[in-house]
Structure formats: C-alpha cells, structure tokens
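Let's take a walk through the inside of this protein.

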Amino acid sequence: MATAGKSKIKRKPQNTNVYMIGAGIGSLAAAVYLIRDAKVPGKNIHILETLDVEGGSLDGAGSSKQGYMIRGGRMLNIPTYECLQDVMHSIPSEEFDNISMEEEFLEFNEEFKTHSRARLVKQDGSKVDVTKMGFSDEDRKEMEKLILLESEKSLGNKRIDQVFGKHFFKTNFWLMWQTTFAFQPWSSATELRRYMIRFMHEFPRIHTLAGVARTAYNQYDSIVTPIVNWLRKHGVQLVLNANVDDISFVKLNNGEIVANKIFYKQAGKNKKIEILPTDIVLFTNGCMTDNSDQADMNTVPKYETKHVGPSFALWQKIAENRPEFGKPEVFYGNPDESMWMSFTVTINKNPKLLNYIQEFTRNHPGGGALVTFKDSAWRLSIVVARQPHFKNQPLDTQIFWGYSLNMFTKGDFVKKPMYKCTGKDVLTELMGHLHIPKKERADFMKGVICRTSLMPYITSQFQPRNIGDRPLVNPKGYENFAFVSQFAELPDDVVFTMEYSVRAAQRAVYYLMGVDKDLTPVSNHQFSPKVLLKSFLKLHS
C-alpha cells in the first residue's frame, strides 16, 4: 500500500491551525480528513472562499419561480471513486436515520439503474445503433498504441488529434466518449490515455452508460450540504466573500520553505493572516468555473476573457519564479478551447416537454443519462435526472440539464453560435432536434424557464500539457503548503472528477500531518482479466 510520506515538521493536532483557500470539494474533503484521521479540532480549520456559498463548482440553486441552475455535474462511478466514498462513509445521511451518506448513495444506485436507450440520436430523430463502435482497423491500432506503447513522457503535450486519424472522430465511440467526459480533439492525449486506462471497465458499456452512478438530488444538495453541515457541527470556520490575492513564503534556517502570510480582501478591507511553520495552508489552484456568467430566457451570458479568474490569478502570482508550482498559463491561456455553455431547464405546471422527451428517448427520468444529438452543429446533449432534482423543488415542477461542446458554430435551427444565445434560443434549437412541430412549440414553452451558464475554463484541465506543468500536491521542499485541486499532479488518476480533488486532499493532509495510514489505492481495473477480455472484444467487434 502506498503512503504519503511525512513532513519534516512534526505537528501536534491541537496546536495546528489550517487555512484553506477555496471551499470546493477538495477543501471540504481535506477538512473531513483533518478531523477524522489527523485529529485536528474543527475550530482550528479555516476555509476562505471568494464566493458567498460553499461547494465551488459543485453548485445547485434556484427556485421554481426564477428557475433552477446547475452549472454542471460530475459523473460518479461506484467502483472507481474510492476516496469520495471513504469521505461519504464518515458523514451521516440527512435523508435517513442511522446510515451514512455512502450507504444512502449505494442504496439509491441499487434501486435506480442507468440504461440509456437513446445515447446517440440522428438528425432525422432515429436512434443510432450504438452497440457498434464504428472502429476501422487503423483506429484500433492507434488506440492500442496509445494505451500499450505510449507513455506520458513520449506523448508530452500532444493533442488527441495528433495521435488519431480523422476517421476516429467519426466513430460512435468517440461521440459517446467525448460527450460523456467532455473531451475535444485538441485536448491532451495524455489525459485521454489516463481516462481510457482508469475507466477501461466502462468501455464495454459506454453505449448504455450503465456504469454511471447518481446522487438522489443534485450534487450540491446531496454531497456539499451534508458535508458542510457536518463540518460546521465540528466547529470548522467557513469564511465567505474572502478573496485571497497573495501568499508569501519564507525559507527557514534548515532550508525548508513555508508559507508565512495569507493576504485577502473582505468587505472592502485588506486583511492578513500570519502563518506559523506548524500551521498548514491548502490552496485550490485554478477553478474550472472561474469567470463563469449566467443568463436567462432573454439575456446572453458574458464571455469574460480580459481578466484571468481569481484562482488562476493567485496561482500565477505565487508561481512566478517558482517552477515547482507549475505553469498556470498552460491551462487558463486559451479559453476559446476550454469554454462551453450549459443550460438548466425548469418546467412549471406543464409536463408536455418532459413527457415528450421521455417518449422520444424511451427512458424514464433518471434512467437514461446523456442523450447526444450526433449531427448537431453545437454537439448538443441533454440529461434528465430523477425528479425531484432539488430538495425544494415543487411536485409540479420538472428539471433537466444540457450542454454543448461546439461554441463557435451556428446552430442548425438558430443561426447563431451557442455562446451568443439566450435561453429561449437554446430551447428553440433543442426543440428542433427533438422534432417538436413548430405549431406546437408555444404550448411546450408555457411555464418553461431556461437558464444558461457560460464557463471559460470548464475543461481547462484537459489542455495539452508537459510533465511539470501541474505542480505536485506536496511540492518538494515546502513543509506546510500543498495544492488541492484539478490542477495538481496525481499519478494514475483523472481530472474533471470529484475523486481527483478528494484524493489530492487525502495526500496533502496525510503528508503534512504525518497521518499513519496508507493512502487509498487507485483501483486497477485494467489488470482484471475479465475487464481486459470484454474491452478487447468490444474494440474488435
């Protein structure tokens, strides 16, 4: 079993103060590990967050009147989210007495299974036979080479379209893999390789998404809220509307480097925190929803590119003259390649649209996962979760979510790029792909609210990179500071997952606090003979 090692600075839990920058799932999980495994009192833990709400990118809010909003939702997978489930095991369920969040999660997914009957839809509205992946012999050779012969060193910062030919991007496999995980042809080939290895057990069932797990409600209600409530009960200090704009470091006489000050603004006032070598600082470097903007039925979200998002700006500032802190500009430097738009549709007292989608897909709400319109110029996908999706959602209100990957092409029915569209435009485009007759659309639109979210950095963690562009979770020589985010380096695991942030949190806490426990291992499904056989047969079917 792997261990995190131990910091050279010995810490007594009762005397250690911990300061976290960012209140996303990485920091929340780190706080759980600190209390549960490192025995740090909750009152010693301070989480500073720029926003006025915890959860980072795992958001979910709204009402039936104003419309609900979920910027995105991370896919869950029960066999491969070992660290997340470990944290959930320690948090009590808020739905049921005497069970944990993990038990609630597992029981829910045992009862509600995913089996898509409309994973890919053609332009004429017919369903694609997705049991066939559409590989050519050349595609198979390129995939086998990527997985078996290439390494992260040999791939370097190559893009996916530099290791696969044009035909690969026309296959059913690519359309399903791309829209499930949000890859682009220009994304990192190294990251695609990691995904193919980490989720090899999902390859044989990618056409039904049977491996997708869900929470009973949106991930803010089902994951963030119970953890935050548990942390507050333990005395953790959550400081909102606190914009950290600098961290200073000092080298001690023995050569060790430590963070010694945090500078932040709150309510228009400049504030400073003095950090002792025996204290700890955890930084969520980079945020995939930085600079995101929301709009409604009649407005268009702003595409902010002039100013770098606050988390990236802080990372850039402290990384100057510190190559061990990575290269943040690699990830935030080209938002045209990392930007896409999502939308959340709220339907009040008018079940026509959701009933139509249910009949169109032959999946009940919560049973089908993503539906991708394969010929859509926007590469448009939607997913209908089990209802209700919010705890405060009225019984006569329904919700579904969608997103598109191609931002700069004009729609098939709305002749504008998606990022320049209102919520009404997005619904018009969707109803065109659903083949809802024009004369009936006004009736379908009654009581419907579509809110949109434009996110410049949403897949920035997939940008092509070299080894060293992401800093190590515990950078060498730094004895009270660690990175906990999608932009820190964790061998073998994959970004754009909650699991990645939680695993980084465990590694950081165990090292800095000298926790005498093994790190939770990454499941090696790729070494299972059964998985290998099924994947080989799927590739060559």
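How much space lies in the largest cavity? About 700 Å³, going by this predicted model. Rolling a probe the size of a water molecule over the atoms is what shows where empty space is left. Done here, that gives a count of five cavities of 30 Å³ or more.

So what's around the largest cavity? Its lining takes in 37 residues, and the ones nearest the centre are G73, R74, M75, V383 and W401. Two elements give two or more residues to this lining: helix 6 (172-181) and strand 15 (397-404). Strand 15 provides the largest share, with four residues. Sorted by class, the lining is made up of 25 nonpolar, nine polar and three charged residues.

Now for the packed side of things. The largest nonpolar core holds 175 residues, and within it F400 and F481 touch the most other members. Helix 15 (residues 498-513) gives this core its largest share, eleven residues. If you click on F400 and leave out residues up to four places away in sequence, you'll find it touching F343, T344, V345, I347, L353, L354, I357, I382, V383, V384 and L430. One of those, V383, also came up among the residues nearest the centre of the largest cavity.

One last stop is N350, which sits in the loop between strand 12 (340-348) and helix 12 (352-361). Is N350 buried or exposed? N350 counts as buried because its relative accessible area is 11%, and buried means under 20%. Again setting aside residues up to four places away in sequence, N350 touches Q398, D443, F444 and K446.

Note on methods: Residues are numbered from 1 along each chain as its sequence is written. This is a predicted model: local features need pLDDT of at least 70, side-chain atom pairs count only at pLDDT 80 or more; totals for chains, interfaces and linings use all residues. Side-chain values use heavy atoms; hydrogens and water are left out. A nonpolar core is a set of buried Ala, Val, Leu, Ile, Met, Phe, Trp, Tyr and Cys residues joined through side-chain atoms within 4.5 Å. Buried means under 20% relative accessible area, exposed over 50%, partly exposed in between (1.4 Å probe, protein chains only). Contact means heavy atoms within 4.5 Å. On a 1 Å grid over the protein atoms alone, a cavity is a set of points where a 1.4 Å probe fits but cannot get out, and a pocket is an open set with protein on both sides within 12 Å along at least five of seven lines; lining residues have an atom within 4 Å of a point. Grid points are joined across faces, edges and corners, and a volume is the space filled by probe spheres set on the points. Ala, Val, Leu, Ile, Met, Phe, Trp, Tyr, Cys and Pro count as nonpolar, Asp, Glu, Lys and Arg as charged, and the others, Gly among them, as polar.
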